[in-house]
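This report is for a reader who is new to the structure shown below.

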Amino acid sequence: MNEPVTPSEVDPVEDAPEPRRREPVFNLPPVVLAVIGICVAVYLLQQYVLSESQQMTLLYDGAFIPVLYTGQYGFDWFLFSRPFTYAFMHGGLAHIAINMVWLAAFGSPLANRLGTLWFALFFAVTGLASVALFWAVHPYGEAPLVGASGAISGMMGAAARFGFRTDRSAGKAAFAGPVLPIGFVLRLRGVVIFLAMWMIINLATGLVGFAPGADGQIAWEAHIGGFVAGFFGLRWFDRRWQAPEWETTDHRT
(Lines give C-alpha, C1' and ligand atoms only; values in the text may rest on other atoms or scores of the structure.)
Protein backbone atom coordinates (compact mmCIF):
# COMPACT_ATOMS: atom_id res chain seq x y z
CA MET A 1 0.00 0.00 0.00
CA ASN A 2 1.46 3.26 -1.07
CA GLU A 3 1.73 5.95 1.56
CA PRO A 4 1.31 9.59 0.66
CA VAL A 5 4.58 11.42 0.39
CA THR A 6 4.93 14.75 2.08
CA PRO A 7 6.47 17.63 0.15
CA SER A 8 9.52 17.58 2.42
CA GLU A 9 10.26 14.01 1.35
CA VAL A 10 10.34 14.80 -2.33
CA ASP A 11 13.78 15.19 -3.82
CA PRO A 12 14.31 18.75 -4.91
CA VAL A 13 14.19 19.21 -8.65
CA GLU A 14 17.00 21.32 -9.99
CA ASP A 15 15.98 24.15 -12.22
CA ALA A 16 16.71 23.37 -15.81
CA PRO A 17 19.43 25.61 -17.15
CA GLU A 18 18.17 28.34 -19.41
CA PRO A 19 19.13 27.85 -23.01
CA ARG A 20 22.09 29.95 -23.94
CA ARG A 21 21.23 32.76 -26.28
CA ARG A 22 23.05 32.51 -29.55
CA GLU A 23 24.96 35.59 -30.51
CA PRO A 24 24.23 36.79 -34.04
CA VAL A 25 26.99 36.35 -36.56
CA PHE A 26 26.97 40.05 -37.37
CA ASN A 27 26.22 41.84 -34.11
CA LEU A 28 25.98 45.28 -35.71
CA PRO A 29 23.39 48.00 -35.10
CA PRO A 30 20.73 48.21 -37.84
CA VAL A 31 21.82 51.71 -38.89
CA VAL A 32 25.42 50.52 -39.41
CA LEU A 33 24.20 47.50 -41.37
CA ALA A 34 22.07 49.87 -43.47
CA VAL A 35 25.04 52.06 -44.33
CA ILE A 36 27.16 49.03 -45.20
CA GLY A 37 24.31 47.61 -47.27
CA ILE A 38 23.89 50.82 -49.27
CA CYS A 39 27.64 51.10 -49.91
CA VAL A 40 27.88 47.48 -51.06
CA ALA A 41 24.77 47.79 -53.23
CA VAL A 42 26.10 50.93 -54.94
CA TYR A 43 29.48 49.28 -55.51
CA LEU A 44 27.93 46.15 -57.03
CA LEU A 45 25.67 48.33 -59.17
CA GLN A 46 28.67 50.20 -60.50
CA GLN A 47 30.74 47.11 -61.15
CA TYR A 48 28.25 44.59 -62.52
CA VAL A 49 25.06 46.31 -63.64
CA LEU A 50 25.69 49.73 -65.17
CA SER A 51 27.27 50.32 -68.54
CA GLU A 52 30.38 52.46 -68.81
CA SER A 53 28.41 55.55 -69.77
CA GLN A 54 25.95 54.96 -66.93
CA GLN A 55 28.84 54.58 -64.50
CA MET A 56 30.19 57.95 -65.61
CA THR A 57 26.77 59.54 -65.16
CA LEU A 58 26.45 58.10 -61.67
CA LEU A 59 29.96 59.26 -60.80
CA TYR A 60 29.28 62.79 -62.04
CA ASP A 61 25.92 63.07 -60.28
CA GLY A 62 26.85 61.25 -57.07
CA ALA A 63 30.50 62.02 -56.34
CA PHE A 64 31.77 65.29 -54.87
CA ILE A 65 33.64 67.32 -57.50
CA PRO A 66 35.06 70.53 -56.00
CA VAL A 67 35.18 72.62 -59.16
CA LEU A 68 31.40 72.33 -59.57
CA TYR A 69 31.03 74.49 -56.45
CA THR A 70 33.06 77.46 -57.73
CA GLY A 71 30.16 78.83 -59.76
CA GLN A 72 31.80 78.30 -63.14
CA TYR A 73 29.56 75.50 -64.36
CA GLY A 74 26.11 76.78 -63.52
CA PHE A 75 23.49 75.25 -61.27
CA ASP A 76 22.08 71.75 -61.03
CA TRP A 77 20.05 70.11 -58.28
CA PHE A 78 22.74 67.53 -57.58
CA LEU A 79 24.82 70.28 -56.00
CA PHE A 80 22.70 69.74 -52.88
CA SER A 81 23.02 65.95 -52.79
CA ARG A 82 26.63 65.35 -53.86
CA PRO A 83 28.11 66.37 -50.46
CA PHE A 84 26.18 63.43 -48.96
CA THR A 85 25.89 60.78 -51.69
CA TYR A 86 29.64 60.67 -52.32
CA ALA A 87 30.09 58.80 -49.02
CA PHE A 88 28.20 55.78 -50.36
CA MET A 89 30.40 55.40 -53.45
CA HIS A 90 33.82 53.73 -53.54
CA GLY A 91 36.60 53.49 -56.05
CA GLY A 92 37.60 49.84 -55.74
CA LEU A 93 37.30 46.60 -53.81
CA ALA A 94 40.12 47.43 -51.39
CA HIS A 95 38.64 50.89 -50.83
CA ILE A 96 35.19 49.65 -49.84
CA ALA A 97 36.50 46.66 -47.88
CA ILE A 98 38.79 48.76 -45.68
CA ASN A 99 36.12 51.39 -45.10
CA MET A 100 33.44 48.87 -44.15
CA VAL A 101 35.75 47.15 -41.65
CA TRP A 102 36.53 50.47 -39.96
CA LEU A 103 32.86 51.46 -40.11
CA ALA A 104 31.88 48.27 -38.28
CA ALA A 105 34.66 48.73 -35.71
CA PHE A 106 34.08 52.39 -34.82
CA GLY A 107 30.52 52.92 -36.02
CA SER A 108 28.92 50.10 -34.02
CA PRO A 109 29.77 51.32 -30.49
CA LEU A 110 29.01 54.89 -31.52
CA ALA A 111 25.61 53.94 -32.98
CA ASN A 112 24.77 51.98 -29.83
CA ARG A 113 25.64 55.07 -27.80
CA LEU A 114 23.91 57.74 -29.93
CA GLY A 115 20.94 55.84 -31.28
CA THR A 116 19.82 55.53 -34.90
CA LEU A 117 18.71 59.10 -35.57
CA TRP A 118 21.65 60.89 -33.98
CA PHE A 119 24.14 58.47 -35.53
CA ALA A 120 22.66 59.13 -38.97
CA LEU A 121 22.94 62.89 -38.37
CA PHE A 122 26.51 62.44 -37.13
CA PHE A 123 27.38 60.48 -40.27
CA ALA A 124 25.89 63.19 -42.50
CA VAL A 125 27.48 66.14 -40.69
CA THR A 126 30.98 64.65 -40.46
CA GLY A 127 30.75 63.63 -44.11
CA LEU A 128 29.79 67.20 -44.96
CA ALA A 129 32.68 68.57 -42.91
CA SER A 130 35.00 66.27 -44.85
CA VAL A 131 34.07 67.69 -48.24
CA ALA A 132 34.05 71.23 -46.85
CA LEU A 133 37.75 71.02 -45.95
CA PHE A 134 38.54 69.14 -49.15
CA TRP A 135 36.88 71.91 -51.18
CA ALA A 136 38.69 74.61 -49.19
CA VAL A 137 42.05 73.03 -50.07
CA HIS A 138 41.15 72.12 -53.68
CA PRO A 139 38.42 74.57 -54.82
CA TYR A 140 39.21 73.98 -58.49
CA GLY A 141 39.87 70.26 -58.27
CA GLU A 142 38.23 68.16 -60.97
CA ALA A 143 38.90 64.71 -59.53
CA PRO A 144 35.76 63.20 -57.96
CA LEU A 145 35.86 62.46 -54.24
CA VAL A 146 34.16 59.23 -53.10
CA GLY A 147 34.13 57.07 -49.98
CA ALA A 148 32.86 56.99 -46.41
CA SER A 149 36.29 57.44 -44.84
CA GLY A 150 35.63 61.07 -43.94
CA ALA A 151 32.62 60.18 -41.81
CA ILE A 152 34.47 57.16 -40.41
CA SER A 153 37.31 59.47 -39.40
CA GLY A 154 34.67 61.47 -37.55
CA MET A 155 33.75 58.30 -35.66
CA MET A 156 37.40 57.86 -34.70
CA GLY A 157 37.42 61.41 -33.41
CA ALA A 158 34.32 60.65 -31.36
CA ALA A 159 35.94 57.48 -29.98
CA ALA A 160 38.88 59.55 -28.77
CA ARG A 161 36.50 61.82 -26.81
CA PHE A 162 35.35 58.74 -24.88
CA GLY A 163 38.94 57.66 -24.28
CA PHE A 164 38.03 54.53 -26.32
CA ARG A 165 36.10 53.21 -23.30
CA THR A 166 33.36 50.71 -24.16
CA ASP A 167 30.63 49.12 -22.07
CA ARG A 168 29.35 45.62 -22.95
CA SER A 169 27.09 45.10 -19.93
CA ALA A 170 23.92 45.56 -22.01
CA GLY A 171 24.97 42.80 -24.40
CA LYS A 172 26.23 45.19 -27.07
CA ALA A 173 29.33 47.31 -27.16
CA ALA A 174 28.78 51.04 -26.70
CA PHE A 175 31.11 53.88 -25.85
CA ALA A 176 30.84 54.42 -22.10
CA GLY A 177 30.96 57.32 -19.72
CA PRO A 178 30.66 61.05 -20.32
CA VAL A 179 32.24 62.91 -23.21
CA LEU A 180 35.68 63.78 -21.86
CA PRO A 181 36.91 67.39 -21.93
CA ILE A 182 39.42 68.05 -24.68
CA GLY A 183 42.15 69.04 -22.22
CA PHE A 184 41.64 65.80 -20.31
CA VAL A 185 41.66 63.71 -23.50
CA LEU A 186 44.96 65.24 -24.59
CA ARG A 187 46.52 64.08 -21.32
CA LEU A 188 45.61 60.44 -21.93
CA ARG A 189 48.69 58.68 -23.24
CA GLY A 190 46.82 56.05 -25.25
CA VAL A 191 44.64 58.65 -26.97
CA VAL A 192 47.60 60.90 -27.78
CA ILE A 193 49.52 57.99 -29.31
CA PHE A 194 46.47 57.05 -31.40
CA LEU A 195 45.99 60.63 -32.60
CA ALA A 196 49.66 60.98 -33.51
CA MET A 197 49.75 57.69 -35.42
CA TRP A 198 46.46 58.47 -37.17
CA MET A 199 47.73 61.87 -38.31
CA ILE A 200 51.08 60.51 -39.48
CA ILE A 201 49.48 57.67 -41.46
CA ASN A 202 46.97 60.01 -43.11
CA LEU A 203 49.59 62.56 -44.09
CA ALA A 204 51.96 59.87 -45.33
CA THR A 205 49.40 58.02 -47.43
CA GLY A 206 47.87 61.25 -48.70
CA LEU A 207 50.99 63.21 -49.57
CA VAL A 208 53.07 60.28 -50.79
CA GLY A 209 50.08 58.56 -52.38
CA PHE A 210 50.94 55.11 -51.08
CA ALA A 211 48.08 52.84 -50.07
CA PRO A 212 48.50 49.10 -50.75
CA GLY A 213 45.66 47.74 -52.88
CA ALA A 214 43.84 51.06 -53.18
CA ASP A 215 43.37 52.91 -56.45
CA GLY A 216 43.79 56.67 -56.63
CA GLN A 217 45.15 59.08 -54.07
CA ILE A 218 44.04 59.20 -50.44
CA ALA A 219 42.08 62.36 -49.64
CA TRP A 220 43.79 63.15 -46.34
CA GLU A 221 42.08 66.56 -46.22
CA ALA A 222 38.67 64.89 -46.10
CA HIS A 223 39.84 62.57 -43.34
CA ILE A 224 41.04 65.46 -41.22
CA GLY A 225 37.85 67.43 -41.84
CA GLY A 226 35.70 64.54 -40.66
CA PHE A 227 37.93 63.79 -37.70
CA VAL A 228 37.90 67.40 -36.47
CA ALA A 229 34.11 67.56 -36.79
CA GLY A 230 33.66 64.33 -34.84
CA PHE A 231 36.21 65.22 -32.20
CA PHE A 232 34.95 68.73 -31.45
CA GLY A 233 31.27 68.32 -32.31
CA LEU A 234 30.39 65.06 -30.57
CA ARG A 235 28.53 66.68 -27.70
CA TRP A 236 25.92 68.05 -30.10
CA PHE A 237 24.92 64.49 -30.95
CA ASP A 238 25.37 62.68 -27.64
CA ARG A 239 21.98 63.08 -25.95
CA ARG A 240 23.01 60.91 -22.98
CA TRP A 241 25.84 63.17 -21.94
CA GLN A 242 26.11 63.99 -18.24
CA ALA A 243 28.65 66.28 -16.67
CA PRO A 244 31.53 64.32 -15.11
CA GLU A 245 32.61 64.96 -11.56
CA TRP A 246 35.30 67.47 -12.48
CA GLU A 247 32.75 69.69 -14.27
CA THR A 248 30.13 69.91 -11.53
CA THR A 249 29.79 72.94 -9.33
CA ASP A 250 30.01 70.94 -6.11
CA HIS A 251 33.68 70.33 -5.35
CA ARG A 252 33.30 68.90 -1.84
CA THR A 253 35.57 65.98 -0.96
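Does Ser130 count as buried or exposed? Ser130 counts as buried, because its relative accessibility is 0%; buried means under 20% relative accessible area, exposed over 50%, and partly exposed in between (1.4 Å probe, protein chains only).

## Basis of the model

The model is predicted: local features need pLDDT of at least 70, side-chain atom pairs count only at pLDDT 80 or more, and totals for chains, interfaces and linings use all residues. Residues are numbered from 1 along each chain as its sequence is written, and side-chain values use heavy atoms, with hydrogens and water left out.

## Around Ser130

Ser130 is part of helix 5, which covers residues 116–137. Helices (H or I, at least four residues) and strands (E, at least two) are DSSP runs, numbered from the N terminus. A polar atom of the Ser130 side chain lies 2.8 Å from the backbone oxygen of Thr126.

Leaving aside residues up to four places away in sequence, Ser130 touches Tyr86, Gly150, Ala151, Glu221, Ala222, Gly225 and Gly226. Contact here means heavy atoms within 4.5 Å.

## The whole chain

The protein has 9 helices and 2 strands, in the order α-α-α-α-α-α-β-β-α-α-α from the N terminus. Of its 253 residues, 37% count as buried.

Among contacts between residues at least 6 apart in sequence, 74% join residues at least 24 apart.

## An exposed residue

Val49 sits in the loop between helix 1 (30–48) and helix 2 (52–62). Val49 is exposed, because its relative accessible area is 58%.

## Aromatic pairs

The whole structure holds 14 aromatic pairs. Rings of Phe, Tyr and Trp (its six-membered ring) pair if their centres lie within 6.5 Å; planes under 30 degrees apart count as stacked, over 60 as edge-to-face and the rest as tilted. One of the pairs is Phe106 with Phe194, a tilted pair at 6.4 Å centre to centre and 40 degrees between the planes. Phe106 lies in helix 4 (residues 93–114) and Phe194 in helix 8 (residues 189–208), 88 residues apart. Phe106 is buried at 12% relative accessible area, whereas Phe194 is partly exposed at 22%.

Trp118 and Phe237 form an edge-to-face pair, 6.4 Å centre to centre with 75 degrees between the planes. Trp118 is in helix 5 and Phe237 in the segment after helix 9 (220–233), so this pair ties together parts 119 residues apart in sequence. Trp118 is partly exposed at 28% relative accessibility; Phe237 is buried at 10%. Ring pairs also link Trp102, Phe106, Phe164 and Phe194 into a cluster.

Note on methods
A polar contact is a pair of N or O atoms within 3.5 Å; within protein, one must be able to donate a hydrogen and the other to accept it, and residues adjacent in sequence count only if both atoms are side-chain atoms.
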